[in-house]
Amino acid sequence: MLSTESAKTITATLPAVRGALGEITALFYEKLFTARPELLRDLFNRGNQANGSQRQALAGSIAAFAGHLVAHPASRPDAMLARIAHKHASLGVRADQYPIVREHLFAAIAEVLGDAVTDEVARAWDEVYWLMAHALIAVEKRLTAEAGVQGGGGWRPYRVAGRVQETEEVATFLLRPADGAPVPPSRPGQYVSVQVQLPDGARQIRQYSLSGQLDGGLQISVKRVAAGHRAGEAYEDPAGEVSSHLHAHVHGGEILHVSPPFGEVVLSEDGEGPLLFASAGIGCTPVIGMLSHLAAAGSRRRIITAHADRSPATHPFRTDLRRLTDKLSDATAALWYEEELGGGDGKGAVTVRAGLMDLTQLAIPAGTTAYLCGPVPFMKAAIAQLLASGLPAERIHYEVFGPDLGL
């Protein structure tokens, strides 16, 4: 809980800090990576640093946390903290790295805001920082303990047992433990971190959803990220370093270092209520993992799957979606393609529409729980459509690939 005195100071200074967060976070990362270049090389996503999305995420999380403490002083934004903690646990972020972040963040705040940062202001924001940091450290410690991680990030060697080219841009990699130990338990919807060594010596890390149930192994699916500007996004993406490496150099037999599964957006197995899965592009990977689990369990729940893609040719797991929909006793699927409809897709329990996804066109049963995954603009639109259809916000769950830019 934020102290009364600090709450007054944060309330008075939050607008100024929030207005300067872009400048503060840019300077913070510059200072951090100058002092600790290994963090950019081996921990932070260099692509997200290059396009600026990581800076937006950090700024947004600090402002959201401080704003929540001021508006609700007796509680914490646990959903936001859980999302960050799972990402940190997957990356191997350590408790002793929080003081390093604090040092360079506060140096940036002082440099940007100048004389406005009095001792009183510095103490108040220090209190906010450590409230957030200690909460994250506690959750991350619990998550890594539950995953059986004894330190060092929990990386294990996995041998690539196979590769399936799903589309021109998406490949599935089948991974089996190279140390002979059992595969760690996972829940439908979770992801793993994959660490690869690049030609310049950097050990970059990316997180990929589990896209299926592989007996004695893990299955991930990776979209090769091309350089360019994403529709609806404010930033330019460089070509994906890790996805390009995996597509070009990993064909079977190689060793990849993989974290235990993490992720708080998981399929709830409580109750028998209806489920809605809505995805776009590579966002279908956690959805196909959840559907595989439900089909294997013989679920009789009402299930609606909605997916948007450019065309049938760019739609990963298109055949698997139809197979799983047919296998489940009360499932339907609705597909939206922007460029062409394709022949033979719209049969039986599967319907195909042209254009952008519009969830208000679907008959969504009362009591439905929704899971969303895709680009941020897609999820903003999908959430608005579900709310307009009468689905309560607490029944809408979403997974963000990359930094959470404030849905």
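**Rings, charges and a parallel sheet**

Visitor: Over the face of which ring does K87 lie, and at what distance from the ring centre?
Guide: This is a predicted model, in which local features need pLDDT of at least 70, side-chain atom pairs count only at pLDDT 80 or more, and totals for chains, interfaces and linings use all residues. Residues are numbered from 1 along each chain as its sequence is written, and side-chain values use heavy atoms, with hydrogens and water left out. A charge sits over a ring if NZ of Lys or CZ of Arg is within 6 Å of the ring centre and within 35 degrees of the ring normal. K87 lies over the face of Y191, at 4.6 Å from the ring centre.

Visitor: Which residue lies over the face of F106?
Guide: The distance to the ring centre of F106 is 4.1 Å. The residue is R102.

Visitor: How many aromatic pairs does a search of the whole structure find?
Guide: Rings of Phe, Tyr and Trp (its six-membered ring) pair if their centres lie within 6.5 Å; planes under 30 degrees apart count as stacked, over 60 as edge-to-face and the rest as tilted. The search of the whole structure gives 7 aromatic pairs.

Visitor: Why is the pair of F28 and Y29 called tilted?
Guide: The ring centres of F28 and Y29 are 4.7 Å apart. The pair is tilted because the planes stand at 50°.

Visitor: What kind of pair do F106 and Y129 form?
Guide: Their ring centres are 6.1 Å apart and their planes are at 85°, so the pair is edge-to-face. It links distant parts of the chain, 23 residues apart: F106 in helix α6 (residues 98-113) and Y129 in helix α7 (residues 119-146). Helices (H or I, at least four residues) and strands (E, at least two) are DSSP runs, numbered from the N terminus. The kind of pair is edge-to-face.

Visitor: Is F106 buried or exposed?
Guide: Buried means under 20% relative accessible area, exposed over 50%, partly exposed in between (1.4 Å probe, protein chains only). F106 has a relative accessible area of 13%, so F106 is buried.

Visitor: Which are the edge strands of the open sheet?
Guide: The sheet has 6 strands in the order β12-β11-β10-β9-β13-β14, with parallel pairing. Two strands pair if DSSP finds at least two bridges between them. Each edge strand pairs on one side only, and these are β12 (350-354) and β14 (396-399).

Visitor: Which residue of β12 stands opposite W336?
Guide: Strand β11 (residues 331-337) runs parallel to β12 and is joined to β12 by 5 bridges. Opposite W336 stands R353.
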